Amino acid sequence: MIDGTRRCVITTSAMLVLAALLFGGHPAEAHCDTLGGPVVASAKTALEQGDVTPVLMWVGREHEQEIREVFAQVLAVRQLGKQAMEMADTYFFETLVRIHREGEGAPYTGLKPAGAVDPAVVMADRALESDSVDALAGALSTHVETGVRQRFTRAAEARKHAGDSVEAGREFVEAYVQFTHYVEEMHRIATAGAAHHEEPAGDHQH
């Protein structure tokens with residue numbers, strides 16, 4: 001496997017970071033730590049097959065042996081009955097996600113419900129599943145353009161009356177700051193190709 005497979009595939013581009021901002025999400029809270037995310041999905045596959053291989057891509061080499069040992073323990077406990085199986089599976093999910101998050105330098109705050117997924121992440125997953133980025137790119141372009149136009153319109157209108165009074169001047173300054181900061185941030189994200197999940201952290205990243 002190439003190093004890229006060790007990343008949460010939905011967060012490997014500045015486009016997704018931009019999407020998270022536009023749709024009101026938080027890039028650092030992608031769904032790798034949810035029960036419906038790709039890390040837990042790999043864990044379920046591994047448990048069903050009795051083979052730890054599917055989950056190893058989510059952890060660095062330095063943690064591989066630990067995961068192998070936990071996996072072996074979990075397989076043994078699963079044989080003790082349904083309740084024991086459920087507890088063992090949850091323990092494995094939590095351990096795997098925790099180590100994955102720690103490896104990328106992100107805090108582990110527990111497993112989230114399957115539905116706790118940012119809309120931007122859902123769009124990114126759909127793009128990968130359909131093998132086409134057109135819909136995602138189009139949605140992002142539309143949101144960026146709308147955001148720029150709205151802030152521009154407000155700033156341009158306020159500028160016309162900036163000299164009418166001190167209060168009007170302050171309204172212009174507020175609109176100007178929001179407009180320029182928005183443009184600056186969009187440009188930074190689009191050109192940097194990096195954010196929290198793109199920062200190398202140890203052997204792999206989200």
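I'm noting first that "buried" here stands for under 20% relative accessible area, with exposed being over 50% and partly exposed in between. I also jotted down that this is a predicted model.

**Helix α8, the inside.** I went through α8 looking for buried residues. I found Ala168, Gly169, Phe172, Ala175, Phe179, Tyr182, Met186 and Ile189.

**Helix α8, its length.** I counted 27 residues in α8. From first C-alpha to last, α8 reaches 38 Å, which is close to the 39 Å expected at 1.5 Å a residue.

Next I picked Val173, which sits in α8 (residues 166-192). Is Val173 buried, exposed or partly exposed? I looked up its relative accessibility and got 45%, so Val173 counts as partly exposed. Val173 also turned up in a nonpolar surface patch, together with Tyr176 and Val177. I wrote down about 250 Å² for that patch.

**The whole chain.** Then I zoomed out. What does the secondary structure come to? I got eight helices and zero strands. Reading along the sequence, I noted the pattern as α-α-α-α-α-α-α-α.

**Cover and surface.** I checked how much of the chain is tucked away: of its 206 residues, 38% are buried.

**Contacts.** Last, I looked at contacts between residues at least 6 apart in sequence. Of these, 66% join residues at least 24 apart.

Key:
Residues numbered from 1 in each chain as written. Predicted model: local features only at pLDDT ≥ 70, side-chain atom pairs only at ≥ 80, totals over all residues. Heavy atoms only, no water. Patch = residues over 30% accessible without salt bridge, like charges linked within 9 Å, V, L, I, M, F, W, Y side chains within 5 Å. Areas by Shrake-Rupley, 256 points an atom, 1.4 Å probe, with all protein chains shown as cover. Salt bridge = Lys/Arg side-chain N within 4 Å of Asp/Glu carboxyl O. Helix = DSSP H or I, 4+ residues; strand = E, 2+ residues; numbered from the N terminus. Buried < 20%, exposed > 50% of the residue type's maximum accessible area, 1.4 Å probe, protein only. Contact = heavy atoms within 4.5 Å. Expected span 1.5 Å × (residues − 1).
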